[in-house]
Amino acid sequence: MRRILTAWILVILCGHLSTALAEDLLQIYDMAVVSDPTLRESEQTLFATRELKPQARALLLPTLSVQGDLDYQDVDTSGQSSVGSYSYRDDYTTRGVQAVVSQTLFDRSDWMTLKKSDNVIAQAEAQYRNAQIDLMVRTTEAYFDVLRASDAVTVQDALLRANERQLEQSKQRFEVGLVAITDVNESQAAYDRARAELISAKNALGNAWEALRTIIGPVDLPLARLGDKLPLAPPAPNDIKAWAETALRSNYGIIAASESAAAAKRDIQIERSGYYPTVDLQAGYDVSRTGAEIGSDSDTAFVGLSVTVPIFQGGAVASRTREAGYRFRAAQDQLDQVRRQVDQQVKDAFRGILSSIEDVKARQAAIVSARSALESTQAGLEVGTRTQVDVLNAQRNLFQAEFDYLSARYDYFINGVKLHQATSTLTRDILAKGNAWLNPNDVVPPVE
């Protein structure tokens, strides 16, 4: 029994060895960069937002328009005059072409709109950078969710086989009269429960694979497991305030919210521009030709300056200005909210790393204790001081301790990624450092 359990524990720790090399986290991330629709959506949104600048600049540049017309006239006129009656009939065409150049000399709202476009584009840039970092985190979490779910399947499969062995031994002892039928029933119940939990674990593994495929696409590739050597080091610097200050300065979410507030402040100036006059200049040339018997052709050049001074607009300008002010204050409140969320995120991740380090060490000790407890319980069963239920519970505790240990290692890795996410310092190079801890020869096969 002891040799069987030891063999299954080694399976849990080392995984199923495969000769085929697996895809590691960095390769999966590279696939996600190409395939993830969320990142592509953010990229196209950025491209669309950048077009606001030339559109705003166009409002300040001159416009040229050319208009032409061609009309056919059929005139039949008759009437009385002081010299007698008259009748006149003619059919002819008229033609005309007009070219006009328009230039806005002063419109305050146009200038404010141009300045606002810089803030809106800067906001979109920060949101796109944030989306890139978010993809790294989502890919990492989905990757390790597969590994975690695979470990759960391995543990449950090992527990099922161990319970199966216990059931066989209980039946053999019952047949020779060494134990009561209750031991057989308890072993059978433990075996059936392990079967149900294995089915649930396999379903969870399939779901984890599908979650990963929503990011990288329908790809069936084995994944490299986390290696045995995992350096458990605290963040550098090991100062939570330094990380929090860095996050408040460099987090892209905060930058985006700040630019959003600045754009909202520009809106106040844009709406207030409704009180200011506008000055426009027009210059053009008009050519008109007619085929009428009585008519004239003309060539006309013109230059015009128009000034519009708003006097009263029903209070609309004042209302829109107040509305923009409220939206600006709402944007400021949103900025404060984002700052607090980032501060919480960075501190949670920092403490999570330290907690994960201690958790991994504690789980290692728990495995040793659970293994000793199982061996003692098995020895007690042999001499009659412990029951079959005690053995099954001790056996279950050992496998759970193994799974908790592996899970704590993943938490350490993910907390490190989230700490860099909070400070917007997460890059592909950071992922590459953690990627070196994976073992490409120890794989999780894909699930269809």
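Where does Ser 424 lie? I looked it up in the predicted model and found Ser 424 in the loop between helix 10 (388-422) and helix 11 (428-435).

**Backbone entries**

I noted that most residues other than glycine have a negative phi, and most peptide bonds are trans. Ser 424 is not a glycine, yet its phi is positive, about 55°.

Pro 237 belongs to the loop between strand 3 (223-226) and helix 7.

**Helix 2 and helix 5**

I took the axes of helix 2 (residues 25-35) and helix 5 (residues 108-175); they come within 10 Å and cross at roughly 130°. Helix 2 is therefore oblique to helix 5. I recorded the crossing of the two helices as right-handed.

For the contact I listed Leu 25, Ile 28, Tyr 29, Ala 32 and Val 33 from helix 2. On the side of helix 5 they meet Gln 132, Leu 135, Met 136, Thr 139, Thr 140, Tyr 143 and Phe 144. I sorted the contact residues of this pair into nine nonpolar, three polar and no charged.

**Helix 8**

I checked the length of helix 8 (residues 252-272): at 1.5 Å a residue, its 21 residues should span 30 Å, and the end C-alpha atoms are 31 Å apart, which agrees. Its buried residues include Gly 253, Ile 254, Ala 256, Ala 257 and Ile 270. Among the elements that cover the buried residues of helix 8 I found helix 5, helix 7 (240-250) and helix 9 (316-383).

Terms used
Residues numbered from 1 in each chain as written. Predicted model: local features only at pLDDT ≥ 70, side-chain atom pairs only at ≥ 80, totals over all residues. Heavy atoms only, no water. Axes fitted to C-alpha atoms, helices over the stretch in contact; angles between N-to-C directions. Helix = DSSP H or I, 4+ residues; strand = E, 2+ residues; numbered from the N terminus. Parallel < 35°, antiparallel > 145°, perpendicular 65-115°, else oblique. Left-handed = near helix turned anticlockwise from the far one by under 90°. Contact = heavy atoms within 4.5 Å. Nonpolar A, V, L, I, M, F, W, Y, C, P; charged D, E, K, R; others polar. Expected span 1.5 Å × (residues − 1). Buried < 20%, exposed > 50% of the residue type's maximum accessible area, 1.4 Å probe, protein only.
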